[in-house]
Amino acid sequence: MSLALGAFAVALIAWWFATGAVIVAARRTVGHPLYLLVPAAALAVAGLVLALVTAGSSSVVAVYGAFFAALAIWAFHEITFLTGHVAGPRRTALPAGVTGAARFRLAYAAVRDHEFVLFATGVVLIALLAGAVNPFAWAIYALMWVMRLLTKFNVFLGAPNAVSEILPERMAYLTSYFRTDRVHPFFIVSVTAITCLLTICVYMAATAEAPGMVTGWSLMATFAFLGLIEHLFLVLPVRDAALWGWATGRSGGGFVKRQAQVAPEPETASSKDVRADKRAAPVMS
């Protein structure tokens with residue numbers, strides 16, 4: 001039990017701190033792109049080396065090493081995406097009135113390169129660590145990738161709280177591809193899938209005998225649990241940015257979102273016409 005609780009605490013703190021550090025890096029203004037990309041790439045290389053070094057041991061220390069290796073590699077991809085260096089060929093907002101398959105194609109073009117490098121990195125990790133005694137570097141990376149992919153589908157298909165204050169201004173055009181007027185049924189599929197992953201990880205941690213395996217599966221269970229919480233953030237009226245106020249510089253406002261109260265304006269014939277036009281137009285946000 002102590003190993004599982006320790007892993008839960010380490011994963012929770014690492015998730016909170018690493019997310020905040022990525023936010024700070026993504027929001028930082030630098031004189032040249034290489035000033036940020038070089039240290040980020042060095043972090044990824046260090047993570048890959050650590051994953052290879054710890055692959056041959058299933059000790060608790062080695063498992064924690066694999067965990068932080070996956071986290072370092074993932075942080076590199078998050079930094080390159082949020083800074084706009086590796087996103088997609090499309091860097092503009094969704095045009096008004098675009099729906100259906102055309103909307104999906106444009107949304108995919110906005111994140112295509114990022115999705116490709118995430119998938120390619122996962123393939124490389126699996127290829128390098130196939131049959132390793134310690135599989136947690138690629139397993140944790142794969143878990144984060146699956147949860148992030150589910151999140152992206154949800155914000156595209158429909159999630160009321162999809163727009164986050166964490167997104168830097170340079171990437172604000174991405175919010176035009178989000179849909180916030182409904183909860184799409186795919187959200188239930190996502191929550192069910194993550195709950196199944198969480199259940200499997202908890203079961204594996206509870207039935208494992210080796211301390212390293214207990215630690216590894218507990219780390220994965222914690223990240224699956226955090227993925228479930230992040231999905232709930234998509235539909236609940238909460239400010240996820242409140243958890244990282246020190247990184248975003250927006251510590252005020254509380255954790256619960258409050259709708260701004262706006263005094264009603266006198267109704268005129270022109271305002272009736274505007275509302276009618278809005279009702280006729282498809283909701284794309």
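Reader: What share of the contacts in the protein chain with a separation of 6 or more comes from residues 24 or more positions apart?

Author: This is a predicted model, where local features need pLDDT of at least 70, side-chain atom pairs count only at pLDDT 80 or more, and totals for chains, interfaces and linings use all residues. Residues are numbered from 1 along each chain as its sequence is written, and side-chain values use heavy atoms, with hydrogens and water left out. Contact means heavy atoms within 4.5 Å. Among contacts with a separation of 6 or more, residues 24 or more positions apart account for 77%.

Reader: How many helices and strands are there in the protein chain?

Author: Helices (H or I, at least four residues) and strands (E, at least two) are DSSP runs, numbered from the N terminus. From that end on, the elements run α-α-α-α-α-α-α-α-α. The count is nine helices and zero strands.

Reader: Where does helix 4 bend?

Author: Helix 4 spans residues 100-129. The bend at a residue is the angle between axes fitted to the seven residues ending there and the seven starting there. For helix 4 the bend is about 60°, at V111.

Reader: Is E115 buried or exposed?

Author: E115 lies in helix 4. Leaving aside residues up to four places away in sequence, E115 touches L149 and K152. Buried means under 20% relative accessible area, exposed over 50%, partly exposed in between (1.4 Å probe, protein chains only). E115 has 14% relative accessibility, so it counts as buried.

Reader: Which helices do the buried residues of helix 4 pack against?

Author: The buried residues of helix 4 include R103, H114, E115 and L129. Their packing partners are helix 2 (34-54), helix 3 (60-82) and helix 5.

Reader: What is the angle between helix 5 and helix 6?

Author: Two packed helices are described by the angle between their axes and the distance between the axes. Axes are lines fitted to C-alpha atoms, for helices over the stretch in contact, and angles run from 0 to 180 degrees between N-to-C directions. Helix 5 (residues 136-157) and helix 6 (residues 186-207) have axes 9 Å apart, at an angle of about 165°. That angle makes helix 5 roughly antiparallel (over 145 degrees) to helix 6.

Key:
Parallel < 35°, antiparallel > 145°, perpendicular 65-115°, else oblique.
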